[in-house]
Every structure is written in C-alpha cells, then in structure tokens.
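Below are some notes for a colleague who is opening this structure for the first time. Please read them with the sequence and the coordinates at hand.

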Amino acid sequence: MVNQVKLTGIVLSATPVGEYDKRLVILTGQRGKITAFVKGARRPSSRFAAGSRPFSFGEFTLYQGREAYNLVDIEIKNYFDEIATDVNALYYGFYFLELADYYSYENVNSKEMINLLYQSLKALSNKNIPDKLVRYIYELKMFYINGEYPDVFSCVECGNREELYGFVVEKSKAVCKECAHLYKDTLELNTSTFYTMQYIISASIEKLYSFTVSDVVLNELAMVMNRWRTKYIDKEFKSLEFLAFEGVLKV
C-alpha cells in the first residue's frame with residue numbers, strides 16, 4: 001500500500017474516541033510526533049489493546065491519511081510493565097512522556113529524543129538509581145537536546161572555567177566566585193554538582209545512567225532544575241502536580 005509506513009515509536013498518550021476506538025500520540029524517531037487512530041482498541045478482544053497505551057514502545061505500521069494516521073499493525077518490544085508496579089516511578093514516567101510531548105513536533109527527526117526517553121524509562125526500573133536523579137538527568141539532557149539549557153561550563157562574566165561558584169537562573173549560566181557578587185540570585189553549588197551537570201550534558205545517552213550522586217549533589221540538582229524549569233518552561237505538568245501533592249518531590 002503506497003501510503004503505508006513503518007515507524008519506531010513510543011506512545012505518549014492515549015485518548016478514548018467514540019465507543020471502542022483510541023487516539024494515540026506517538027513519538028517516532030523518523031517523523032517526530034504523530035497522531036494515530038486505532039479502531040476497536042478498547043475492545044477486550046482487540047489485538048491492539050495492550051499496545052495502544054502510554055509507554056508502549058515498538059514498531060508501528062500505519063496508513064497515512066491527510067491529517068492523521070491509522071494503525072494497521074503493531075509489534076511491541078517493551079511495555080515497561082515494571083514501571084506500573086511502582087506508583088512513584090509511574091508518575092515520573094508520565095512526566096517524562098509529558099516533557100517529550102512538550103518538545104516534540106511533527107516531521108522533525110526525533111531519534112535522539114526517543115532514545116533519551118527510552119533509556120530514561122529503563123532507568124526508572126533500576127532501583128540502584130534514585131527516581132529523582134533519573135528525573136534530573138532526563139530533564140537536563142532533554143533541555144540540552146532542544147537547544148536551551150543551563151550553561152555550567154564557564155563564568156557568565158569573565159569566562160573562567162576552573163573556579164565556578166554558583167548558578168544564576170536569570171542568565172541561565174554559571175558564575176565564578178570572583179563575579180558572584182554581581183548577582184543577587186546566585187545559587188551556590190558544590191563543585192561535584194558542576195561536574196555532574198557537565199557530564200550529563202556532554203555524555204552519550206547510553207552512558208547517562210551509569211552513576212549515582214551524594215544527597216548534597218542531588219538536592220542541588222533539584223534546586224537548579226526546578227528553578228530553571230519554572231522560569232523557562234511555560235507549561236504546568238499534571239504528573240508533577242500529582243507527585244507534589246503526594247509529597248514525593250518539591251516543584
């Protein structure tokens with residue numbers, strides 16, 4: 001069939017349509033974010049029932065219409081079922097999907113973004129890495145991929161790269177100790193926090209979840225990322241609101 005395509009993707013959201021159908025938003029590596037309709041997906045006997053839910057990752061065969069796609073076949077490689085058994089990990093995962101949805105567009109190559117999302121969801125199932133650390137790694141790398149992120153490599157004033165002291169949210173840049181007095185809202189950071197952020201920005205996605213940090217560094221990452229997100233991201237995320245309500249994290 002001429003208009004049939006096979007795309008690697010992950011389901012970001014699923015919405016009921018009519019009595020038995022679903023509308024999926026899928027992040028694909030080849031064509032970015034797409035909308036796909038799945039007929040009969042809500043019927044218990046549907047072969048698409050399990051694969052037409054958030055977190056489902058695999059190969060989607062679709063018929064391309066004028067304004068949306070229709071699902072023809074699906075081969076799911078990972079449902080991330082282990083996330084569903086942990087309510088905290090589940091809502092962190094939903095936040096990851098929301099953030100990916102915020103940054104993704106149709107007909108934009110999103111292979112790097114989908115790789116980050118996939119590796120980050122896998123990391124949520126690794127109990128040796130705190131969910132909060134996975135979150136801050138995911139956020140910072142996602143911001144970096146999309147071209148607007150905290151610059152933590154040199155002082156905003158003098159360019160010093162060796163004696164960084166704090167982070168200035170207003171400038172989205174680091175500042176050294178000699179220049180820190182020029183800014184009232186400087187967030188003082190541990191040297192290890194700067195190293196951690198620099199590594200996250202510079203490392204390949206496959207190597208992101210290969211370390212842990214001290215509580216001090218984790219708390220400072222939280223401080224920077226929460227302040228940065230609040231200032232530069234013009235969206236409220238429902239999953240973060242839920243986690244805050246449950247007392248899991250501070251937003």
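1. Two strands are said to pair here if DSSP finds at least two bridges between them. By that rule, strand S1 (residues 4-17) and strand S2 (residues 21-28) pair in the antiparallel sense, over eight bridges. One point to look up is Gly9, whose bridge partner in S2 is Thr28. The model is a predicted one.

2. S1 and S2 belong to a closed barrel of five strands, which runs S1-S2-S3-S5-S4 with mixed pairing. On average, neighbouring strands of this sheet are turned by 50° against each other, direction ignored.

3. Two helices pack on this sheet. H2 touches S1, S2 and strand S3 (32-38), and its direction makes about 115° with that of S1. H3 touches S1, S2, strand S4 (57-64) and strand S5 (69-78), and its direction makes about 60° with that of S1.

4. How do the axes of H2 and H4 cross? The axes of helix H2 (residues 87-103) and H4 come within 11 Å, and the crossing angle is roughly 5°. Angles under 35 degrees count as roughly parallel, so H2 and H4 are roughly parallel to each other. On the H2 side the contact includes Tyr92, Tyr95, Phe96 and Tyr103; on the H4 side, Arg135, Tyr138, Glu139 and Phe143 are among the residues involved. The residues of the contact of H2 with H4 divide into 11 nonpolar, one polar and four charged.

5. H4 also meets H3. The axes of helix H3 (residues 111-124) and helix H4 (residues 131-145) come within 10 Å and cross at roughly 175°. H3 and H4 are therefore roughly antiparallel to each other. Among the residues that meet are Met113, Leu116 and Leu117 in H3, and Val134, Met142 and Ile145 in H4. By class, the residues of the contact of H3 with H4 are nine nonpolar, one polar and three charged.

6. Strand S6 is a separate item to check. Four of the five residues of S6 are buried, so S6 is largely enclosed by the rest of the structure. S6 pairs with strand S8 (residues 173-176) in the parallel sense, over two bridges. Cys155 stands opposite Ala174 in S8.

7. Apart from neighbours within four places in sequence, Asp151 is in contact with Phe167, Ser172, Lys173 and Ala174.

8. Ser172, one of those contacts of Asp151, is found in the loop between S7 and S8. Its phi is near 60°, a positive value in a residue other than glycine. Ser172 is buried, with a relative accessible area of 11%.

9. Phe80 also deserves a look. Phe80 lies in the loop between S5 and helix H1 (81-84), and has a positive phi of about 55° although it is not a glycine. At 2% relative accessibility, Phe80 counts as buried.

10. For helix H5 (residues 191-202), the length can be checked. At 1.5 Å a residue, its 12 residues should span 16 Å, and the end C-alpha atoms are 17 Å apart, which agrees. Buried residues in H5 include Phe194, Met197, Ile200 and Ile201. What covers the buried residues of H5 includes H4, S6, strand S7 (164-168), S8 and helix H6 (215-232).

How values were computed
Residues are numbered from 1 along each chain as its sequence is written. This is a predicted model: local features need pLDDT of at least 70, side-chain atom pairs count only at pLDDT 80 or more; totals for chains, interfaces and linings use all residues. Side-chain values use heavy atoms; hydrogens and water are left out. Contact means heavy atoms within 4.5 Å. Axes are lines fitted to C-alpha atoms, for helices over the stretch in contact, and angles run from 0 to 180 degrees between N-to-C directions. Angles under 35 degrees count as roughly parallel, over 145 as roughly antiparallel, 65 to 115 as roughly perpendicular and the rest as oblique. Ala, Val, Leu, Ile, Met, Phe, Trp, Tyr, Cys and Pro count as nonpolar, Asp, Glu, Lys and Arg as charged, and the others, Gly among them, as polar. Buried means under 20% relative accessible area, exposed over 50%, partly exposed in between (1.4 Å probe, protein chains only). The expected span of a helix is 1.5 Å times one less than its number of residues.
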